[in-house]
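Dear colleague,

I am handing over the structure we spoke about, with the sequence alongside. Please look it over before reading the notes that follow.

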Amino acid sequence: MATISHAQPRMLSWSDRLILWYDHLKTPLFYLILILWAIICIAPLYFTLVFSLKPVANAYDPPLFWPIPFTLENFRDVIGALPLFPRWLLNSLIVSLTVTILRIFFCAMGGYAFARMEFPLKGFLFNAMLVSMMIPGQVTLIPAFLVVGPGIIRGGLKLGDITLPTGFGLIDNLGGVILPGIVTAFGVFMMTQFYKSLPRELEEAAMIDGLGRWGIFFRIVLPLSQTQLLTLALLTFQGEWNAFMWPLIILRTPENFTLPLGLNWFRGEYYTLISKVLAGSLFNTLPILILFFIFQRYFVQSIAGSGLKEG
């Protein structure tokens, strides 16, 4: 007579139990981390809005999480009490747009040269450029100031009867703010990595059709790199629009100030009109937020594809 044996359930080890618990909890845990991180990122912007909508005298009065009492007086003061406010906006726009246009053009050219062209010391120059990305910007402030301003050699370099300037003399000039930013090592590196991923067959076919190097660059390479150029433009515009340190060093006259410098006028030696400063900072923040939300799809596409490069 056949006997029926019942299989005993296998006892799970502690590692199996841990994996099982992790499988159940990983999705809620990830969402919890994302929610906490989103709160941390959004909180500064939220409190900026709340404090900008409260009177200066009641800025620190409870409730701190809601604008009570509510007022728009801070925004009226920022726009009306500062006659130079439109000029500061215009200066910031001029600097940001000029640097953005020139940077995407020169970085695209430099990246294409490193990716496709052969020239002496190419590897050395590319590695030197990468090393320069590791140098803190504060280290180069004084040399950059000397080159943009009075010159490395005061009075110029004398060669007989000829005196050659060693600086551009652009102190207290928007050109002095623009000049050092027209090309960056990061921009050239970013475009180099992208151009290495482009199929060479496209350029070879264009050469067979009679296009030269400039024609290939402007008619084939640039149209194919719209996403990367747009990402670089967004990062550049954001950095230049919010720049404070370099304009502070170069600019002297209030009429030449950019918006971040102008908003600093709300800070006194012994006090700070925090509500007015934050109201003004919203004018400085809104353009960047609008640009990001409009172009975030291209930004994410570029970052996602930046690691899939050959060479």
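In what follows, contact means heavy atoms within 4.5 Å. Please keep in mind throughout that this is a predicted model.

By that criterion, and leaving aside its neighbours within four places in sequence, L251 is in contact with D172, N173, L174 and V177, as well as with N256, F257, T258 and L261.

Turning to open space, the largest pocket holds about 850 Å³ and is lined by 25 residues, with G137, T140, P180, G181 and T184 lying nearest its centre. Two or more lining residues come from each of α5 (141-148), α7 (185-197), α10 (226-241) and α11 (245-250), and α10 gives the most, with four residues. By class, the lining comprises 16 nonpolar, seven polar and two charged residues.

Finally, for the cysteines, a search of the whole structure finds zero disulfides. C41 is partly exposed, with a relative accessible area of 44%, whereas C107 is buried, with a relative accessible area of 0%.

With best wishes

Conventions: Residues numbered from 1 in each chain as written. Predicted model: local features only at pLDDT ≥ 70, side-chain atom pairs only at ≥ 80, totals over all residues. Heavy atoms only, no water. 1 Å grid on protein atoms, 1.4 Å probe; cavity = no way out; pocket = protein on both sides within 12 Å on 5 of 7 lines; lining within 4 Å. Points joined across faces, edges and corners; volume = space filled by probe spheres on them. Nonpolar A, V, L, I, M, F, W, Y, C, P; charged D, E, K, R; others polar. Disulfide = S-S within 2.5 Å. Buried < 20%, exposed > 50% of the residue type's maximum accessible area, 1.4 Å probe, protein only.
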